[in-house]
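Please look at the sequence and the structure first.

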Amino acid sequence: MPQWLYFHMPFCRRKCPYCDFFKRILRSTDRERFVRALLSEIEQAAEFCWPPDSAIKTIYFGGGTPSLHPPEEIAWIIGAVQRLWGLDPKAEVTLEANPGLLTRELLCGWREAGVNRLSLGGQSFSARKLALLYRDHSVEQISEAVALAREAQFENISLDLIFGLPGETLEEWDSDLRAAFALQPEHVSLYNLEYHEATPYFRWRESGKITPLSEDLEAEMYLFTHDFFTARGFEHYEISNFARPGFRSRHNSACWEGKPYFGFGPSAHSFDGEALRWNNVADLTVYSSAIERGELPVESHTKLSAREQLEEWIALHLRTSDGISWSDTRNRWGGSIVEALWKRAEG
């Protein structure tokens, strides 16, 4: 049993046109059935899986919009993990949240339930950009959310921003970065807009409804971002992630390091840390029905070849500031295939 757990909470109040994650518009009856199914999936996994070597180290509630779930539901999930596998007293427990949904009562409730890291999907401090992204919160609500989280004793806050939107300027992005830094988050995730094939943004780009920025301007924004935050004491420890010393995302870092993780919920992915990957079905009804029949809702398995394992390990490590070294690679893999790949990289 891996020590790093991910829970996919699929509900949203609206669908953002750039997002390709599995999500559904919230209905109370769906949410109630989903939570029951998720708790059952945890119980079923405990029956099928070996116990972890030690207590669970991280829990990550992603989505979707996990902040649509009240504190008691989050507490039930954390409680089930604690009861079945144990939870490290210093475990990192992250909840993704929409700034427009937060109240002092909710934040205090999640904190009491065991959440100790908040990831806020602010995306921009520009009203124009928020409208372009179809976000349902205001610029002011981002600052208010951070202030309320501090009152609720959250000492680890991450803030998401997106750059590279159609029509965006470097000056506009600079304004976003300055507004984010002024809130003094411990961590920031700064993403270049991507046009995923299954999204409205992709269709709008293909039809000419929107025009993407030039690659040169996006590259300039990226380098500007690196200089901005590293000059202010943040570690640029992964392609899109910056953290104050001691505040790197432990959950995501485990995934980039190739450690095993277990995903729960519709569309969630899992990895055994070696060769086996599997994913749950990306359908809320099929997911819930399978669990109600006493079945795990796994849609497919993939077993990586030795070559694929090595290539994936290298690709993941190259995402991070630590990178890879000859000695680490050879100690992990050994053999002639490593030498051949390393010589190709040097050449």
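How do the residues of the lining of the second largest pocket divide into nonpolar, polar and charged? They divide into four nonpolar, six polar and four charged, where Ala, Val, Leu, Ile, Met, Phe, Trp, Tyr, Cys and Pro count as nonpolar, Asp, Glu, Lys and Arg as charged, and the others, Gly among them, as polar.

The model is a predicted one, in which local features need pLDDT of at least 70 and side-chain atom pairs count only at pLDDT 80 or more, while totals for chains, interfaces and linings use all residues. Residues are numbered from 1 along each chain as its sequence is written, and side-chain values use heavy atoms, with hydrogens and water left out.

**Pocket and cavity**

The second largest pocket holds about 210 Å³ of space. Its lining has 14 residues, of which Glu 257, His 317, Thr 320, Asp 322 and Gly 323 are the closest to the pocket centre. Helices α9 (250-256) and α11 each supply at least two residues of this lining. Helices (H or I, at least four residues) and strands (E, at least two) are DSSP runs, numbered from the N terminus.

Pockets and cavities are both found on a 1 Å grid over the protein atoms alone: a cavity is a set of points where a 1.4 Å probe fits but cannot get out, a pocket is an open set with protein on both sides within 12 Å along at least five of seven lines, and lining residues have an atom within 4 Å of a point. Grid points are joined across faces, edges and corners, and a volume is the space filled by probe spheres set on the points.

The structure holds one cavity of 30 Å³ or more. Among the residues that line the largest cavity are Phe 271, Glu 274, Trp 313, Arg 332 and Trp 333. Helix α11 (residues 306-318) gives the largest share of this lining, four residues. By class, the lining of the largest cavity has five nonpolar, three polar and three charged residues.

Strand β7 covers residues 157-163, and seven of its seven residues are buried, that is, under 20% relative accessible area, with exposed being over 50% and partly exposed in between (1.4 Å probe, protein chains only). In a regular strand the side chains alternate between the two faces of the sheet. On one side of β7 are Ile 157, Leu 159, Leu 161 and Phe 163, on the other Ser 158, Asp 160 and Ile 162, and all are buried.

Two strands pair if DSSP finds at least two bridges between them. Strand β6 (residues 117-123) pairs with β7 in the parallel sense over four bridges, and Leu 118 stands opposite Ile 157. On β8 (residues 187-192), six bridges join the strand to β7, again in parallel, and His 187 is the bridge partner of Ser 158. From β7 the chain crosses through helix α6 (residues 170-182) to β8 in a right-handed β-α-β crossover; right-handed means that, with the strands pointing away from the viewer, the path from the first strand over the helix to the second runs clockwise.

The table lists three residues with their relative accessibility and some of their contacts. Contact means heavy atoms within 4.5 Å, and neighbours up to four places away in sequence are left aside.

| Residue | Relative accessibility | Contacts, including |
|---|---|---|
| His 8 | 4% | Phe 22, Phe 34, Phe 264 |
| Thr 65 | 12% | Met 9, Cys 12, Asn 98 |
| Gly 122 | 0% | Pro 99, His 137, Asp 160 |

His 8 lies in strand β1 (residues 4-9), and its C-alpha atom is 9.4 Å from that of Leu 38, 30 residues apart along the chain. Gly 122 belongs to strand β6. Thr 65 sits in the loop between β4 (56-63) and α2 (71-84).

**Backbone details**

Gly 64 is found in that loop between β4 and α2 as well. A cis peptide bond, with omega of about 15°, joins Gly 63 and Gly 64.

Gln 153 is not a glycine but has a positive phi of about 75°; its loop runs between α5 (139-151) and β7. Gln 184, also not a glycine, has a positive phi of about 55° and is found in the loop between α6 and β8. Gln 184 counts as partly exposed because its relative accessibility is 37%.
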